[in-house]
Amino acid sequence: MSGSVQISGAQASSGAHLSQEPGADERLDVAAGILALLADRTRLALLQRLGEGEADVTTLTEAAGAARPSVSQHLGKLRLAGLVSTRKDGRRVVYALRHGHLRRLVQEALSVADHQISGLPPHD
């Protein structure tokens, strides 16, 4: 079935649009998963801080304003999702963003928040 797309009866009867590009559904699913991970205040604060450069758990705990065990759990989720990387520096574990895209995504989300809070008009 090369090139064909199958849909369930529910999708066909609901008039759901089919993806035209191979892998488009997977791309949307992965993007939705990334955005779901960003939809947590602590993880967003961690990613914002990591956007400034590498940091260890102590630094990230201070930046997030959360308890160390909570920060460690959130970092674990981000690491398992492939959004942050780790390296050892002696006894410390140092975290870093894996993608510049992620830094920009977090910054854009914060910029939208700034506009909403301050009442600035939207722009491109």
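Keep in mind that the model is predicted.

I'll start with α3, which runs over residues 41–50. This helix is mostly covered, with 7 of its 10 residues buried. The buried ones are Thr-42, Arg-43, Ala-45, Leu-46, Leu-47, Arg-49 and Leu-50. Two arginines, Arg-43 and Arg-49, are therefore on that list, given that buried means under 20% relative accessible area. At the N-terminal end, α3 is capped by Asp-40. A side-chain oxygen of Asp-40 sits 3.0 Å from the backbone nitrogen of Thr-42.

Next, the core. The largest nonpolar core has 19 residues, and the members that touch the most others are Leu-47 and Leu-60. At least two residues each come from α2 (24–38), α3, α4, α5 (68–80), β3 (92–97) and α6 (100–118). Helix α3 gives the largest share, 4 residues. As a general point, nonpolar side chains in soluble globular proteins tend to be buried together.

What does Leu-60 touch, leaving aside residues up to four places away in sequence? Its contacts are Leu-46, Arg-49, Leu-50, Ala-55, Val-71, Leu-75 and Tyr-95.

Last, Thr-61, which belongs to helix α4, residues 57–64. Is Thr-61 buried or exposed? Its relative accessibility is 15%, so Thr-61 counts as buried, the cut-off being under 20%. With residues up to four places away in sequence again left out, Thr-61 touches Ala-66, Ala-67, Arg-68 and Val-71.

Notes: Residues are numbered from 1 along each chain as its sequence is written. This is a predicted model: local features need pLDDT of at least 70, side-chain atom pairs count only at pLDDT 80 or more; totals for chains, interfaces and linings use all residues. Side-chain values use heavy atoms; hydrogens and water are left out. Buried means under 20% relative accessible area, exposed over 50%, partly exposed in between (1.4 Å probe, protein chains only). Contact means heavy atoms within 4.5 Å. A polar contact is a pair of N or O atoms within 3.5 Å; within protein, one must be able to donate a hydrogen and the other to accept it, and residues adjacent in sequence count only if both atoms are side-chain atoms. A nonpolar core is a set of buried Ala, Val, Leu, Ile, Met, Phe, Trp, Tyr and Cys residues joined through side-chain atoms within 4.5 Å.
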